[in-house]
Amino acid sequence: MLHHPTHERLAELGLLGAAAAFAELLADPEAAELDHAAWLGLLLDREATRRMDRRLQTRLRFARLRHPQACPEDIDYRTPRGLDRTLIAALSAPDWINSARSVIITGPTGVGKSWIACALAHRACRNDSAVIYHRAARLFEELALAHGDGRHARMLKNLAKTKLLILDDFALAPLTAQARHDLLEILEDRYGRTATIVVSQLPVERWHEMLGDPTIADAILDRLVHTAYRLDLKGESMRKLMAPKHGHAGPASAPVGQQGILPRAAPPAP
């Protein structure tokens, strides 16, 4: 075990990244050629990297993404789905979140809508933005319960201040009156301040009928749609495309959480 006053002091101060780097430098004969400034720089770099990694893991735990391993670098552009590389690149940068604009991702089931939304959210976490993922129907159920136990105002406040909110499986069924009002409150609090990603199987043109009340529907869509980036996906289900051929032995189909990424190469034979 390494015993060195500086190493122990770094550990006592909670600078575990710097402590690990210091131990490695002591064990590396070539490190003796480095000057003090180089040593200090290496220690600080390691500590900064460790803190960024811990902050990212905290962001991801808070986000509760449906596909926590999704990231933009793994998006499959080879399968024709109507993906726009330029738009994906723009949505991978922090600028769109800072501009507080929405993103609407629509398309049939299985084309990777939720996966892509989670990939953009993962990038937002890496850009140090607070993210939260919700399936729309479940969120409205939680808000309905919160009306009765006094948590409603606090939930709305937390949703309002989160930098990026994802509403998945939106408008799969008509909204109740309470859900409509809650959605309007959420969007009103977030409009012009924070960013939102909405994922739906239904095209935007059918959202109005699912929202119900025409007046509230107009108010919701006005805050959500008109300045939003749009990803209208098409094509066959990625689950179907990645499934093994009928009657032909082959690798197992990829898990549902992998439908947005490139197929992984088989490991080499031993």
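**Entry 1: ground rules.** I am working from a predicted model, so I kept local features to pLDDT of at least 70 and side-chain atom pairs to pLDDT 80 or more, while totals for chains, interfaces and linings use all residues. Residues are numbered from 1 along each chain as its sequence is written, and side-chain values use heavy atoms, with hydrogens and water left out.

**Entry 2: the whole chain.** I found 12 helices and 5 strands; these are DSSP runs (H or I of at least four residues for helices, E of at least two for strands), numbered from the N terminus. Of the 270 residues, 42% count as buried. For accessibility I used relative accessible area: buried is under 20%, exposed is over 50%, and partly exposed lies in between (1.4 Å probe, protein chains only). I also looked at contacts, meaning heavy atoms within 4.5 Å. Among contacts with a separation of 6 or more, 77% are between residues 24 or more positions apart.

**Entry 3: salt bridges.** How many salt bridges are there? I get 16, taking a side-chain nitrogen of Lys or Arg within 4 Å of a carboxyl oxygen of Asp or Glu.

I started with Arg 9 and Glu 12, whose salt bridge is 3.4 Å from N to O. They sit 3 residues apart in helix 1 (residues 5-12), so about one helical turn separates them. Arg 9 and Glu 12 are both exposed.

Next came Asp 169 and Arg 66, a salt bridge of 3.6 Å, N to O. This pair links distant parts of the chain, 103 residues apart: Asp 169 is in the loop between strand 3 (164-168) and helix 9 (177-190), and Arg 66 in the loop between helix 3 (36-63) and helix 4 (85-91). Asp 169 is buried at 15% relative accessible area, whereas Arg 66 is partly exposed at 38%. I then saw that Arg 66, Arg 135, Asp 168 and Asp 169 are linked in a network of salt bridges.

I also noted Glu 209 with Arg 206, closest N and O atoms 3.5 Å apart. Glu 209 is exposed at 51%, and Arg 206 is partly exposed at 35%.

**Entry 4: helix 9.** Helix 9 has 14 residues and spans 20 Å from first C-alpha to last, close to the 20 Å expected (1.5 Å times one less than the number of residues). Its buried residues include Ala 179, Leu 183, Leu 184 and Leu 187. Among the elements covering them are helix 7 (136-149), strand 4 (195-200) and helix 11 (214-224). After the helix comes Gly 192, with a positive phi near 75°.

Which residues of helix 9 meet helix 11? Arg 180, His 181, Leu 183, Leu 184, Leu 187 and Glu 188 do, against Ile 216, Ala 219, Ile 220, Arg 223 and Leu 224.

**Entry 5: positive phi.** Most residues other than glycine have a negative phi. I found Arg 64 with phi near 55°, in the loop between helix 3 and helix 4. Arg 64 is exposed, at 52% relative accessibility.
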